[in-house]
Amino acid sequence: MPDSLTKRGKIALFLAVSMLCGVLTAGLLVPATAVAASGGSQIAELFEHLPGELERAPLDAPSKIYSADGKLIASFYAENREPVKLEDVSQHMQDAIISIEDARFYDHGGVDLQGMARALVNNAAGGGLQGASTITMQYVNNVLIDAGVQAGKPVEELTISGTKSIADKVREAKLAVTVEREYSKDEILQGYLNIVLFNRQTYGVEAASQSFFGIPAKELNIAQSAMLAGMVQSPNYFDPVTNPDVTKERRNMVLAAMLKNGKITEAEYKEAKASGLDLDPQPIHSGCTAATMGDYFCNYVENLVLQSDVFGKDATERARLLARGGLTIKTTLDSRLQKEAQAQIEKQVPMGDESGAGSSMVSVEPGTGKILAMAQNTNYSPEPAASNTELNFNVDASKGGTPYGFQPGSTMKPFTTVAWLEAGRALNEVVDASRTFYPEGYDWKASCAPKNTVFSQWSFKNALPGYARPMTVSEGLTDSVNSATAAQAAQLDLCDIQDAATRMGVHRAVDGKPLSVASPSFIIGGQEVAPMTMAAAYATFASGGRYCEPIALLEVTDSQGTNYDVPDQKCSQAISKEVAAAISKPLQKLVENAPGSIEPIGVPAAAKTGTTDLSEQTWTVGYTQGISTASWVGTWQSYSSLNYVPVNGVAREFVDGSSIAGAQWTGYMEKVAKYYDTGGFGSVPADLLYP
């Protein structure tokens, strides 16, 4: 006892200790009012009004995103925790924590009055109350802190070890006794081992065991158990990574306590004490930056959760659920396709390539809209680096994409042909594709445009010479002739073309609105879209005209078994199956003729390439009956030409959609097509073939 404590102070302290112990004892045996009547004063009054039950909210648990085939994609947590049953915790770990924290755990009723009295005397000079907390009392304290955190209270406002007043301790003690009456000792120990902090964000023995040793808590040996048990007293100080020496000293102290309490033999003690810490730290991180695959798909799913009122009234509440609610999120991603998509992308345009070119692929399943793969040649990360970005090349701006998306070039042309066929025309009908200039005020028909709309002058060129001539619509689509598509549009209502595209899900990436008819150039890709939009639209051709909005979520449940509504499959018959089959015919011919790096993939397949005027954006969008994939390669920072730029060490005089984007589409689709349907696309009625 400090010398500064006077005789009078000692007497006062003795009375305070006696009062506290009396209150605790009396509170358990007789009504608190009786204690107050006998002179229990303010402490007894406080005891009377304390809650008699501990309200236990579900423990924070990580949310996890899984692929459709059960592979973990990423975890989200505010507290890295993996709750387990006591039977899944090594007996050595149980013995270690009891030996160092509460040797009489199985003997007392929640409060160790003798130990508390000693602690009061030893700490009186400092005015605080430390030590003497049983495991049950520590469990109560952790539950109270956890409840405060979940309620959104700042940690600094919560009562933690080392800052407790006598009133705090009394409250904790009463609740501890209540807990002991309601739960078995094993249940309390299990709860404690799952809630206690071991290190920074690491809570619970399972997460701690995985973090420091890379093994489940069930496999912890004596030395490992002693190290973890020693950490709970001061998790940041006894950090084996940053403070190995003091952590080892603390571990040996725990080993000594285990020996004293008969939990280990003298030989086991000596062997464990002589051992090193033998750490195998595991890099455990939260969020999509630590995704095991599909980091941008992960971010897409994260955005779906944060933007849906199904998961909370606002973004803050939804983020809290994602970080603390233990969600199990089963998605549509196929890990086989994801792995292959990433491999093919990096084969063509490696991460950090000196060209600065971006590359991406996204696949959806025709007839369901399930997103099967989503890959790109960058890392999802806010850290500045050539290969890092948080922008998802595959999706709209509202879902984490680039601000505007990318011009799709000639991949827009099939929608004009859809409108052409729906107007009663035919694939083999000849159009005059000689015209590449339309003057200001040309009489474009656009019934949905404001009255008195005057169209600006529009001039363009074909990619290759010799195509400004009469040709069939089918030839114009296969060979991607701009003037042929314009000749079709000149005989149609632009709004019918817009409507056909809209029915198939095509919209602007910047704001989700339909393509504007204010300029006819939209028919050959003059307005920006996202790759996933194009993959889903082309899936309509593969599925017999059935368009399905892309979906990523299959099932979401929380740690308590609550099921959350996920968006229903939204599909519609956007075009007739006959028109869908007719469009596939010239697009199949494109694959069979193998332009550039596109090659037949061994099963029926159809595709369309797209290239902007200066080769800033290049595309191949194509499908089998079971998979529709958009492949994009382009510039996303400077929007400069890819011509003559070394991409993966190869400089090309002219880069079009069949070059790099076509190569990665072919390489990918020939590997993965077998996993889904590979049948044909149906027969085409004669009236759609011939005028």
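Two strands count as paired if DSSP finds at least two bridges between them, and strands (E, at least two residues) and helices (H or I, at least four) are DSSP runs numbered from the N terminus. The model is predicted, so that local features need pLDDT of at least 70, side-chain atom pairs count only at pLDDT 80 or more, and totals for chains, interfaces and linings use all residues. Residues are numbered from 1 along each chain as its sequence is written, and side-chain values use heavy atoms, with hydrogens and water left out.

**Exercise 1.** Find the bridge partner of W619 in β21.

*Solution.* Begin with strand β20, residues 617-623, which is joined to the antiparallel strand β21, residues 628-634, by seven bridges. Within β21, W632 is the bridge partner of W619.

**Exercise 2.** Work out the strand order of the open sheet of five strands, and name its edge strands.

*Solution.* The order reads β8-β7-β21-β20-β19, and the pairing is antiparallel. Strands β8 (371-376) and β19 (606-611) are the edges, as each pairs on one side only. From one strand to the next, the twist averages 10°, where axes are lines fitted to C-alpha atoms, for helices over the stretch in contact, and angles run from 0 to 180 degrees between N-to-C directions.

**Exercise 3.** Describe how strand β1 and β2 pair.

*Solution.* Strand β1 (residues 63-66) pairs with β2 in the antiparallel sense over four bridges, and K64 has S75 of β2 as its bridge partner. Five residues lie between the strands of this hairpin, in which G70 takes a positive phi near 85°.
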